Amino acid sequence: MRDLRITGLHLRLVRNRIAMIRSHGIGSVRETIPRVILRLDTDAGISGWGEGTPWEAFSGTAEAAFEAIDGYFRKHLIGADAFRLPDIMLACDHEVFGEEAAKAAVEMALLDLQGKALELPVHQLLGGKIRDRIPLSFSIADPDIEADVERARDLVKGGWGIFKVKTGFSSHTNDLKRLEMLREGLGDIDLRVDYNQGLEPWDALRTLRDIEEFKPTFIEQPVARQHVDCMADLTAALDTPVMADESVFNAADALRLVNLRAADLFSCKIMKSGGIRGVQKVLAIAEAAGIPCYGGTLWEGPIALTAATHMIAAERNFPLGCEFYMPSVVYSADEIECPFAISEGQVIVPDRPGLGLDIDEDRLDRCTVRSA
Ligand code: MG
């Protein structure tokens, strides 16, 4: 059995400009998105790519993720065999608590290396794909609702059929008005609602009863992550399915929510669960409990979203599509380090070895604010 020795680790903290303001309740994003980009080099001349993109208001800072890899994980990577992924990830887990985005970046780069060495796409390393395309959702999150309705109209013409409205960052009256405009302007679309923890438990039920009038497919994370008892009450009281996002980072969270019947659906993100294998543990619990899952995101670019695409391609329990729209719609087009293939409102699953990316390092360098 051959091994694949890691001989080099190159790390960048990049800041990518975005083309529009995104208002998401607990934290708005303006101007730039910080991401950590990892490249692992090997004695076989193959390089693997990883991305760690936390959101500071949700899961921590990119600066902390950079430091976790540079100062703490580096020693577990240099000289290690990339095929000993479980050992490496265990060492990282023991070394640093949390920092799930940094761990996701390491796991992603190792899987990219393995796939390239074996000449298999990552979805084949995961057992093989069961889908070639994944339906895409676009998030309605521009404070200028007219601009977002216009944007959504164009996307519908381009084949998109799923829209998720970010609610709870302005008044309830304004949220109702926005939903009315979307229903009137776009007709029979798959409309979803995400509060990003925006409601107070005492007032959530009557607020959401109004929202149900617009027949959303689901209501995501209506209250703060720790209010799982309230999530359980809402799940029982509402006709509309309730999705957990901020309340479910890992398998232990998933088990707790299942035991409390605190959600009908889960949003899964490799940046919450420390990588694909962490999400797979959440998925196993979800499937056993009859909970369908959705491919959520923070603000990831094409490297991380490609890894998540391989994961969803190989997993049955993702009937609700994904929201991997950032590289094509939100990021400034001239700053993206590699293409992210979408067509007619769907993500195309890549079939090339590893993650299947051609990285433009000059573009990365132009956006780099720190490297190691
Ligand atoms: Mg969410």
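Predicted model: local features only at pLDDT ≥ 70, side-chain atom pairs only at ≥ 80, totals over all residues.
The domain assignment places residues 6–119 + 359–371 in domain 1 and residues 125–348 in domain 2. The C-alpha centres of the two domains lie 23 Å apart.

## Helix α3 and the residue that follows

Helix α3 has 19 residues and reaches 27 Å from its first C-alpha to its last, close to the 27 Å expected at 1.5 Å a residue. Of these 19 residues, 17 are buried, so the helix is largely enclosed by the rest of the structure.

Just after α3, Glu 119 takes a positive phi of about 60°. Most residues other than glycine have a negative phi. Glu 119 is placed in the loop between α3 and α4 (122–125).

## The largest nonpolar core

The largest nonpolar core holds 111 residues, of which Val 36, Leu 38, Ile 69, Ala 105, Ala 263, Phe 266 and Ala 307 touch the most other members. Helix α3 gives the most to this core, with 10 residues. The core draws at least three residues from each of domain 1 and domain 2.

Leaving aside residues up to four places away in sequence, Leu 38 touches Leu 11, Trp 49, Gly 50, Ile 69, Ala 105, Val 106 and Ala 109. One of these partners, Gly 50, is found in strand β3. Gly 50 has 29 C-beta neighbours inside 10 Å and therefore counts as buried. With the same exclusion of residues up to four places away, Gly 50 touches Leu 38, Ala 105, Val 106, Met 108, Ala 109 and Ile 303. The C-alpha atoms of Gly 50 and Glu 100 are separated by 13 Å, although the two residues are 50 apart along the chain.

## Helix α12

Ile 303, a contact of Gly 50, is among the buried residues of α12. This helix is mostly covered, with 12 of its 12 residues buried. Others in that set include Pro 302, Thr 306, His 310 and Met 311, as well as Ala 307, one of the core members that touch the most others.

At 1.5 Å a residue, the 12 residues of α12 (residues 302–313) should span 16 Å, and the end C-alpha atoms are 16 Å apart, which agrees.

In helix α7 (residues 204–212), the buried residues are Ala 204, Leu 208 and Ile 211. These residues cover an arc of only 45° around the axis, which means that they lie on the same side of α7. An α-helix has 3.6 residues a turn, so residues three or four places apart point the same way. The elements covering the buried residues of α7 include β7 (190–194), β8 (219–220) and α8 (228–237).

Asn 196 is placed in the loop between β7 and α7. The phi of Asn 196 is near 45°, a positive value in a residue other than glycine.

Note on methods:
Residues numbered from 1 in each chain as written. Helix = DSSP H or I, 4+ residues; strand = E, 2+ residues; numbered from the N terminus. Expected span 1.5 Å × (residues − 1). Buried ≥ 20, exposed ≤ 12 C-beta atoms within 10 Å, placed from the backbone. Domains from an automatic or database assignment. Arc of directions from axis to C-beta. Contact = placed C-beta atoms within 7 Å. Core = buried A, V, L, I, M, F, W, Y, C linked by C-beta atoms within 7 Å.
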